[in-house]
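Here is a short tour of the model for anyone who would like to get oriented before opening a viewer. We go from strands to helices and end with a few backbone details.

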Amino acid sequence: MHILENIPMSLPFGEIRRQLHLKKDTRWDEVKHLIETILPDIQAKAVYRVCYIDEKQGHNIDIEGQRLTSQVLAKNLVLVERVFPFVVTIGRHYMEQMDAQKDLVVKYYLDVIGNIALSTTRKFLEQSLQARYGLEGMSFMSPGSLADWPLEEQRPLFALFGDGETPIGVSLSSSCLMIPPKSVSGIYFPTEVPFLSCQLCDRKDCPSRKAVY
């Protein structure tokens, strides 16, 4: 098991401004100040494992005693033997600060900034995997991102990291939601052709869309 802590956080101002639909005016200056203020509250961490697939049967993939079931995941892993289950988070403190915020507009800003910080953390993990294991192309899938791989699949995925809370402080609720919420889990796998769950998701006007449906 590998843990990445104290991940450097450099938030992309341009992406934040785009998602908040702000022009370069006084309001944007306030948001930039907000970003600088909350940066210390972001505790970006990641944990991952290097695992080998035990068996593939139809839509089932067995990894170290845990069975994952997804037609799309199985198709993506047809030629793959080594995978990288992962969990990343920006920590509990950021959510506590966001939840304590009384100004609903500022709370919305913090929500968007938190999502971008989480995405930045995941990309840091991806780059670390590519550098350490010599992988050029990588894609990932997360339970709950598609109906084909429902949120309940978090249970076997988290079981790969042991019982209860992961080493970076992320746990599952009874409904398989991650605690703290600004966390993401999934499986990275090598691929020659990039795969994005957005390609199979028909949700309209999604601010996080990265590929055409």
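Strand S10, residues 183–190, is mostly covered in this predicted model: 7 of its 8 residues are buried.

From S6 (residues 82–89) the pairing carries on to strand S3 (residues 51–57), through 2 bridges between antiparallel strands. Here Tyr 52 has Arg 82 of S6 as its bridge partner. S3 in turn is joined by 4 bridges to strand S4 (residues 60–63), again antiparallel, and Lys 56 stands opposite Ile 61 of S4. S3 and S4 make a hairpin with 2 residues between them. The turn contains Gly 58, whose phi is positive at about 60°.

| Strands | Sense | Bridges |
|---|---|---|
| S3 and S4 | antiparallel | 4 bridges |
| S3 and S6 | antiparallel | 2 bridges |

Now for the helices. Which residues of helix H1 (residues 13–20) are buried? They are Ile 16, Gln 19 and Leu 20. Seen down the axis of H1, these buried residues fall within an arc of 95°, so they line one face of the helix. Their cover includes helix H2 (26–38) and helix H5 (104–133).

H2 and H5 also meet each other. Their axes come within 11 Å and cross at roughly 60°. The two helices are therefore oblique to each other, and their crossing is right-handed. On the H2 side, the residues that meet H5 are Arg 27, Val 31, Leu 34, Ile 35 and Ile 38. On the H5 side, they are Val 105, Val 106, Tyr 109, Leu 110 and Ile 113.

Some backbone details deserve a look if you plan to check torsions. His 21 follows H1 and sits in the loop between H1 and H2. Its phi is near 55°, a positive value in a residue other than glycine. Is His 21 buried or exposed? With a relative accessible area of 69%, His 21 is exposed, because anything over 50% counts as such.

Glu 64 also has a positive phi, about 50°, although it is not a glycine. Glu 64 is found in the loop between S4 and strand S5 (66–69). Its relative accessible area is 37%, and Glu 64 is partly exposed.

Where is the cis peptide bond between Ile 179 and Pro 180 placed? Pro 180 lies in the loop between strand S9 (178–179) and S10, and omega of the bond is about 0°.

Finally, the overall picture. The secondary structure of the protein comes to 6 helices and 10 strands. Of its 213 residues, 45% count as buried. Among contacts between residues at least 6 apart in sequence, 71% join residues at least 24 apart.

Technical notes. Residues are numbered from 1 along each chain as its sequence is written. This is a predicted model: local features need pLDDT of at least 70, side-chain atom pairs count only at pLDDT 80 or more; totals for chains, interfaces and linings use all residues. Side-chain values use heavy atoms; hydrogens and water are left out. Two strands pair if DSSP finds at least two bridges between them. Buried means under 20% relative accessible area, exposed over 50%, partly exposed in between (1.4 Å probe, protein chains only). The arc is that of the directions from the helix axis to the C-beta atoms. Contact means heavy atoms within 4.5 Å. Axes are lines fitted to C-alpha atoms, for helices over the stretch in contact, and angles run from 0 to 180 degrees between N-to-C directions. Angles under 35 degrees count as roughly parallel, over 145 as roughly antiparallel, 65 to 115 as roughly perpendicular and the rest as oblique. A crossing is left-handed if the near helix is turned anticlockwise from the far one by less than a right angle, and right-handed if clockwise.
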